[in-house]
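Q: Please take a close look at one hairpin of this model, and then at how strands pair elsewhere in the chain.

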Amino acid sequence: MAYNEKNMESLYLEQQTEGKNMKQAVYKKVFSLLLSVILTLVTLTPVQIAAVSGQTDGSHKNLVVIVRFSDDSSSGYNSVYAYQPDYTYWQQFKSWFGETNIPYFDSGTVSLARYMRILSNGKWNLTSYFPQSSADYSDTVSSNAGRTVTGSSLTYITLPHDRNYYETSGDLQLISDAASIFNGHTGWTAGSADWGTNGVLDNLELVVQVSSEPDPSDELLWPHKSDASGAVSFGSMKVYEYNLVNSKAVGDLGTVKHEYLHTAGLGDLYRVGDTSGNAGPVGIWDIMGSAAGQWPLAQSLVDLGFEQPDDIKTIRGTGTHTFTLHAHYSTAGDGQAVKVYSPYSGDEYFVFEYRQKDADLLAPDHLVPSSGLIVYRVNQSVESDTNGHRTNRNRNGDSYADAIYVFRPDETGIHDSAGSLQNAALSTSSYAYLGNAANTRSTFGSSDMTKTIADGAIVDSSNRNSGLTVAITAQTDDAITFSISIPDYSSLSFWEQDGVSENAQQADCSSTAVDSDGILYQSYVEDSTSIQVRAWNGTGWKSLGAAATGNVGHAQLQCIGSQLYCTYSQFQTGNLCYCAAKWNGAAWISGASIPTDNSYANAPSSAVIDGALYALVDRDNTNLTLYKLNDRNETSSFTTVGDPLDVGYATEARLASLGSEPAVVCGDAGADFSSQTGSNLYILENGSWKKIYSETIHTARNLSAASMGDSLIFFAAFDSGTEPALYVVSGDSAHTVTRYPFSMAGTDIQDADLFISGGYAYLTTVNGGGLCTTWYAQTDAPDAWKQLGSVVMANTGTGRETVSSLKYGNKIYVSAINAAQTSVILLSHEQGDSISIQSLNEASAILTVHNSEAAEVCLAIYDRTGKMIKAWMRHTDAGGDSIELILGISKLPDGWIAKAFLLRQSDQSPMCPAAKRTSTE
């Protein structure tokens, strides 16, 4: 079948390779040319902006211009149409944009004009102009005799140069040359005032004739939408937005519609440059994800302004809710889609949308795989594209930031977009994918809050489970009935993100510290070339820049009073050492260093002991030696303390104190890796190291230790499959070690961090699946651990030194690196007094309070920008109470957030007040 004769079904089948990159051009060439050619920036007036973005009366214009290269003399569109010789390919071409009055073409085509009219529910009426066409004429074909039909031929614009020339010079040169020839035809330009408003063209559709379809890497000819910024005019109309499409791609009506929808206001929903071969975030479920000619998602209709945000009804409240949805623009039931906001953020929500696979072969949604309910996540915090549109093009290092993601079975990870998009729709067995009951999926989601996207959970962009579950209960040819179950979020005790995350490249070695002024510091190593540090004052972050550069690693932050230090390994050739940098309030000062004798410090550790900074430094995992920092104003030096430890090969080592003496816990694989010992404990007594404990089973791989008054507690994890353990060392002269198996976090621990505060031990672990969890126990009951709140983070990196934790004020803080190593995050959870929102509506709010002293209870409402709109306060005495606040407000708009605070007289730190975030449920 000829290319131009392909029907929509065959086009769809050809595009089943989901995740295919529809366009890889970033248009660098275009914009560099614009910068070189446009000497004076053109500023759009408000009227011109309205013209570019669309007429207020729903009337929109599209100028279609056809060009060919200088070495192309083929008849192309002027050829007789092979399947109906009474007409030409030019007449068929025009039927793809609007009515031609030729039933043979019009009845078999969903034109661009018809598509936009139906898509917009009559709000977008498009007229395309073809000035190069011959005049309309009276048809002589018997079945259509006497009707005025569209002209049968065109006059080509033959460009002055060949394809190679424009491949180098770019879009703007091609458009400029085309306009120059076009404007020489007064008959063509005569009606130009009708093509837009106030001298601005609504849209230019520039079609370049080619003999074969270009490669996706062809920046000039691969279909794309761009902006000429008014540098070129056709007739009296300046060109801003334009679609450049090659003639082979025009035959694929999905591509023409996809590019025009860019002009209308949509961004790409596929991943540009993705070579994984995976299905992609959206694929066939939206024309901006895979250009097969199907309808966009309901969210895209909102983005276009064809529907209002409230048309996708927001579901609130704990419990099970039942809905019946219908196809686009149906007034029956509950519409086409409903949404539920993420419990973690007002920027993310989950849409439940019905898609109907139309039986009509020409209908756009005949192209979707099956009828049913699809579930997708919308992340409004993802940066828009250069045109301000929602997009899935953005990358953070090696991963993508998806503005829209459709859930599907067999997904493998939060950044993968793998699995089966073809089978994404939930349905009854009668409507299963491919008509095969074996493909039936009637439920989705998990109420187990530890589950992730790979477990089939409905998760946010950080892979945190929403706990939402959905079940299909009935389905007909044009409707679906289902239930959504929403957990009681107030009882789940979520961790909160403090401020924005820090974007990074190949982040590693997360560390935290807090100084005596209440400033919390966070650091990470970026791409092994610098140590980045930032400060959190309770409300915002401040960058302190790079503490060190070179080839660095194993960074740790330490505070002595108000003084901040950063210790780290330097792996730069010719300068192998372990170093300490000091922050003087304005800049980092390179301080003392310990040469490592042409060896690497692979298992170092630092700690503050008895008011002084100590460093434990190895040489290629052997010869562990303790040093004390002598810091005198702007100069500092390290002094050796004791002899090296008798360790064969340290798998990991951690420095702490037992009473007032330094202590070291380490795993030892032995000098020849044949004498492995598990958890080894050394204490420095009278200048010499003494081994006071050793296990001969399982070499410890992940260790953390913390001083507990005169005693010591440490944690050890071993090879996967072996249960980890906690060890408590008494502070008396006997130094008795008691071992407690720790089964709470499983047997695959990749990283751990332990600290003591206020009579409690806190342990944060990361398992092999990236699940980060914090546990706590009273120091006098080290065998009775409880989980603190929900999962801290579900997509944590699984390397060592990816988490760090501490307590300040009444909050526990965890610094974590995500699995893709592209983001460093600080999360917090209240420990101690608490407040939660049990219910919230326009009339009132019910709060549950547990407080150890008298306090003021505060409830505040914030809009999506974070601006506080209104607040209510009420006094409460010490104890537990259920408090009702009368609100009396008219509306709680979607995405607004309510926060509850406890304001205690004893809270003096900038970390207070403590807040509990909830959505407007």
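A: In the hairpin of β32 and β33, four residues lie between the strands, and Gly 585 takes a positive phi near 100 degrees there. The model is a predicted one, in which local features need pLDDT of at least 70, side-chain atom pairs count only at pLDDT 80 or more, and totals for chains, interfaces and linings use all residues. Residues are numbered from 1 along each chain as its sequence is written, and side-chain values use heavy atoms, with hydrogens and water left out.

Strands here are DSSP runs (E, at least two residues), numbered from the N terminus, and two strands pair if DSSP finds at least two bridges between them. Strand β32 (residues 577–583) and strand β33 (residues 588–595) run antiparallel and are joined by six bridges. Trp 583 has Trp 588 in β33 as its bridge partner. In general, strands of a sheet pair through backbone hydrogen bonds, either parallel or antiparallel.

Antiparallel pairing is also found in an open sheet of four strands, whose order is β42-β43-β44-β45. Its edge strands, β42 (702–708) and β45 (737–741), each pair on one side only. On average, neighbouring strands of this sheet are turned by 15 degrees against each other, direction ignored; the axes behind such angles are lines fitted to C-alpha atoms, and angles run from 0 to 180 degrees between N-to-C directions. Within the sheet, five bridges link β43 (residues 711–717) and β44 (residues 725–729) in the antiparallel sense.
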